[in-house]
Amino acid sequence: MAETPEHKSESAEPRRSGAAVTASEVEVWFIREVLPLEAALTSFLRHNWRNRNDIADLRQDVYERVCEAAHVQMPENTKAFVFRTARNLLINRVKREHVVPIEAVSDLDALGIALDAPGPERSVLARDELRRLQDALDRLPPRCREAVTLGRIDGLPGREIAMRMGISEAAVSMHLDHGIRVLVDAVYGAPEDTRRKP
Amino acid sequence: MSEGSPARALSEIEAEAAAWVRRRNFWDFSAEDQAALDAWLAESISHRVAYWRMESGFARTEKLVALRDPKSEAAFAGRRFPVLMGIAAALALFAVIGLGARQFVMHPQDRVYSTPVGGHERIAFADGTKIELNTDTVLRARMTTDRRMIWLEKGEAYFQVKHDPAHPFTVMVGDRRVTDLGTAFLVRRDESRMELAVVQGRVRFDTGTARRPDTLTSGDVLTASGSTVSEAKRSKSALENELGWRRGVLVFDNTTLAIAAEEFNRYNRQKIIITDPAAARLAMVGTFPIHDVAAFTDAAQDVFKLRVENRGSEIVISR
């Protein structure tokens, strides 16, 4: 018994690593485990970065980095990994751009307490999701809202939306594209002002 | 960005991702379109991440369907757009959707309507009849001046028929025939069996053989498989649960995990597989968004302490 080597990782949930991680596994992992962290990640970035216009870019950058890393090896603790990546990214940006963030990037330790516990993000998101979606829908420009309502709530295809609204299919596409982006931001709980659109 | 390369602006990539999501969800999406999307995704991790985020976020906006008043039948097409329910709109709704038309003997008046896996389509006809197509469904409609004929080729559809004795409304399921007598009903066709549930009013059912026609009324559920026909009575709430898909939800009430998984698999490309027979027999109660496979497997994990392994195209549930 004593000579049995201890493998810590075996007691935890085993993750596949190496080339065995397929693209679709990364996709599923990203959608199931990373995206639900978006609200928390966004507030972390906002808290630690002065320029609000950079937040969406930083978030995307974190996503790209964690996905690239996951291709090589799935992290044991997604939440800790995502926030560590975000922190390192901010630190590198600070060094490179010689800018001073609002506060030193020190939140991670405070955050670290919660990193091991399963986060509340998922349930919190689910509870508020419909309300946020409804708010986002209400704030869309009227014609855009009409197109999105016809398409998403009444389930009409684009061609019919165009006929009902008496506008071109290209115009419908434009409204839907804008609506999709705004609603998707709302789904992930992004604060209203992370994105400004013309 | 991270490499300091002149990467394209995120907003541009997000706009493209949103456009793909829009094209996939609101326009006919051909195999060539899919190939173009795959190529775009293969170009960079930025594209993939932006698209995954957009697509799965958009799937979750399905919740908005809840804003449609489920109790009011008028909520669908009628009430929201009373002015628009004229002939023009009805004509527009006749636009042929999708594939599969070649498989059938087509009459010039025939229109084929279809939905992909996970799809949900509503059709309103000029006579006031409404048909809702559930996931993976193909039906053909022939509306002429003297009669109204529907062939349910596969899948499931909910019919709300504007009754008109002068213009009988008939749904053909293979050689079985359902004729409206003033009603709303649900018909589902699998490979080997059909189910007919009368939600409101009456329908007549006959098999095209010597067997005498049955008249079914509200709450009656008929199952036909081979030459066997059986009938049962179902409560109003059980029927409402069965129609949950119209609101974008699956409702389970003392349903075994096996059946619940089978239901999810009808709507989603990622399939749930239960390897343990005892686990498959566990019964559950709950309402889930139709595309939220994760919510279901989380419940299986949390409530029943089962193992859930996500393998990409499938999720395996075991002990």
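**Exercise 1. How many residues of chain B are in contact with chain A, and how many of chain A with chain B?**

Keep in mind that this is a predicted model. Now work through the interface.

- Step 1: Count both sides. Chain B brings 45 residues, and they are in contact with 43 residues of chain A.
- Step 2: Find the elements on the chain B side. α1 (10–26), α3 (45–60), α4 (87–93) and β2 (121–124) of chain B each supply at least two residues.
- Step 3: Pick the main contributor. That's α3(B), which gives the most, with 11 residues.
- Step 4: You get 27 nonpolar, nine polar and nine charged residues.

**Exercise 2. Work out how helix α8 (residues 142–153) and helix α10 (residues 169–187) of chain A are oriented, and what makes their contact.**

- Step 1: Look at the axes. They come within 8 Å and cross at roughly 85°.
- Step 2: Classify the angle. Since 65 to 115 degrees counts as roughly perpendicular, α8(A) and α10(A) are therefore roughly perpendicular to each other.
- Step 3: List the residues. α8(A) uses A:Arg143, A:Cys144, A:Ala147, A:Val148 and A:Gly151, while α10(A) uses A:Val172, A:His175, A:Leu176, A:His178 and A:Gly179.
- Step 4: Sort them. Five are nonpolar, four polar and one charged.

Terms used: Residues are numbered from 1 along each chain as its sequence is written. Chains are lettered from A and ligands numbered from 1 in the order in which they are written. This is a predicted model: local features need pLDDT of at least 70, side-chain atom pairs count only at pLDDT 80 or more; totals for chains, interfaces and linings use all residues. Axes are lines fitted to C-alpha atoms, for helices over the stretch in contact, and angles run from 0 to 180 degrees between N-to-C directions. Helices (H or I, at least four residues) and strands (E, at least two) are DSSP runs, numbered from the N terminus. Angles under 35 degrees count as roughly parallel, over 145 as roughly antiparallel, 65 to 115 as roughly perpendicular and the rest as oblique. Two residues are in contact if their C-beta atoms, placed from the backbone, lie within 7 Å. Ala, Val, Leu, Ile, Met, Phe, Trp, Tyr, Cys and Pro count as nonpolar, Asp, Glu, Lys and Arg as charged, and the others, Gly among them, as polar.
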